[in-house]
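Colleague: I am new to this structure, and I would like to understand the words used to describe it. Could you take me through them one at a time?

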Amino acid sequence: MGLLFRIKHSLLPLHQKSARKLHELKYIFFELTHKCNANCLHCGSDCIKDSETPDLRQDAILKVLEEIKDHYDSHRITVVLSGGEPLCYPDVFKLGRRITGLEYPWGMVTNGYAWTYQKIQEAKRAGLQTITVSLDGLEEDHDWLRGHKNSFRRAVGTIEMLVKNRFWQAMDVVTCVNRRNIQKLDELYEFIKNLGVERWRLFTISPIGRAVCQPDLFLDQQEFVFLMDRIRELKKRKEIFLNYSESGYLGPKLELCVRDQQYFCRAGINVAGIMVNGDILACPNIDRRFKQGNIYRDSFVDVWESKYQIFRDRSWMRVAECEKCSEWKFCQGNSFHLWDVDNNCTKLCYCKRYGLMDIPDFP
């Protein structure tokens, strides 16, 4: 490790402590719907086309945002619309216009299937500023993961329209790396670069939701280290802004080699989430039993200021294999969505599962 990295790494616990104390709200996710036009093998919410779960009410969303605006600077808080698939939510761009009217930057996470040129123009008029489109490999691999024969072509078409109509402030493509596409990363890199994409984010699957029953999604130790090496090498080209996602703590030998920012799970610290039933949580993939309230009966601001202690003080998570771990002060029990409530331990420790503390230093 270089001297600069060692200094940054050593200061990480102080930065985390300060952020937890301030708990400045920066992102709020709204899980609009469980309806989806895909059937992804790795879905964490078990979304389907004809979900019977009622959508999150638009008036309730706006009430929360109005309350937040009364207490905080809305310009500094990004609203993210997710699902399910946001385009399956009725009048999603009408909602977007109202969010813009409240002076929030807003964006969405989409599978890219339902977009047309008309919808691109609606998004532009609604003031959409950020958008993430999923592209999980080349055609065969993407369609396999998404459970839809035409999803690759539709997603690529959406990316092409967004690149040509640059009204947004930030756009990225996100890819789930798995055993079927890992050997094609260089080919996928060139494909995405040639589309004109400037930001590409890779992640590996977490053992939650439908993914638990899909062994082809999970990398073994050799494959994971190979992935880290490929990301490091591709980042050196500086042709695309490429990062590994904040899926979990990778240990001192890999942090900042594959990310531009050190790992820090900000769930409940800077990130809040409103689930489709109104539950107040943090990021959408966290076990729903960690809910802190419900917007249909509670003030979101009161909950944000007076609850969330379970996210901000993680000393209770220092159990099982974490209890005597030398990396605890940096990792703090790993990403919150990986916490196994029933067994009181993390479902996945990257350092131990993939032997990341024992790999040679990356130059």
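Modeller: What follows goes from the whole chain to single elements and residues.

This is a predicted model, in which local features need pLDDT of at least 70 and side-chain atom pairs count only at pLDDT 80 or more, while totals for chains, interfaces and linings use all residues. Residues are numbered from 1 along each chain as its sequence is written, and side-chain values use heavy atoms, with hydrogens and water left out.

Colleague: How do you know that the radius of gyration of the chain agrees with that of a compact globule?

Modeller: The radius is taken over C-alpha atoms, and the globule rule is 2.2 Å times the number of residues to the power 0.38. For 363 residues that rule gives a value near 21 Å, and because the chain has 20 Å, the two agree. The C-alpha atoms fill a box of roughly 50 × 50 × 40 Å along the principal axes.

Colleague: How many helices and strands does the chain have, and what makes a run of residues count as one?

Modeller: The chain has 12 helices and 12 strands. Both are DSSP runs numbered from the N terminus, a helix being H or I over at least four residues and a strand being E over at least two.

Colleague: What is the span of helix α2, and how does it compare with the expected one?

Modeller: Helix α2 covers residues 58-71, which is 14 residues, and reaches 21 Å from its first C-alpha to its last, close to the expected 20 Å. The expected span is 1.5 Å times one less than the number of residues.

Colleague: Which residues of α2 are buried, and what covers them?

Modeller: The buried residues of α2 are Q58, A60, I61, L62, V64, L65, E67 and I68, and their cover includes β1 (27-31), β2 (78-82), α3 (92-101) and α9 (300-306). An α-helix has 3.6 residues a turn, so residues three or four places apart point the same way.

Colleague: Which residues is D340 in contact with, leaving aside its neighbours within four places in sequence?

Modeller: D340 is in contact with C345 and K347, where contact means heavy atoms within 4.5 Å.

Colleague: What is said of the backbone at D91 and L256, and which residues does a cis peptide bond join?

Modeller: D91 has a positive phi of about 55 degrees although it is not a glycine, and L256, also not a glycine, has a positive phi of about 75 degrees. The cis peptide bond joins G83 and G84, with omega about 25 degrees, and G84 lies in the loop between β2 and α3.

Note on methods. Buried means under 20% relative accessible area, exposed over 50%, partly exposed in between (1.4 Å probe, protein chains only).
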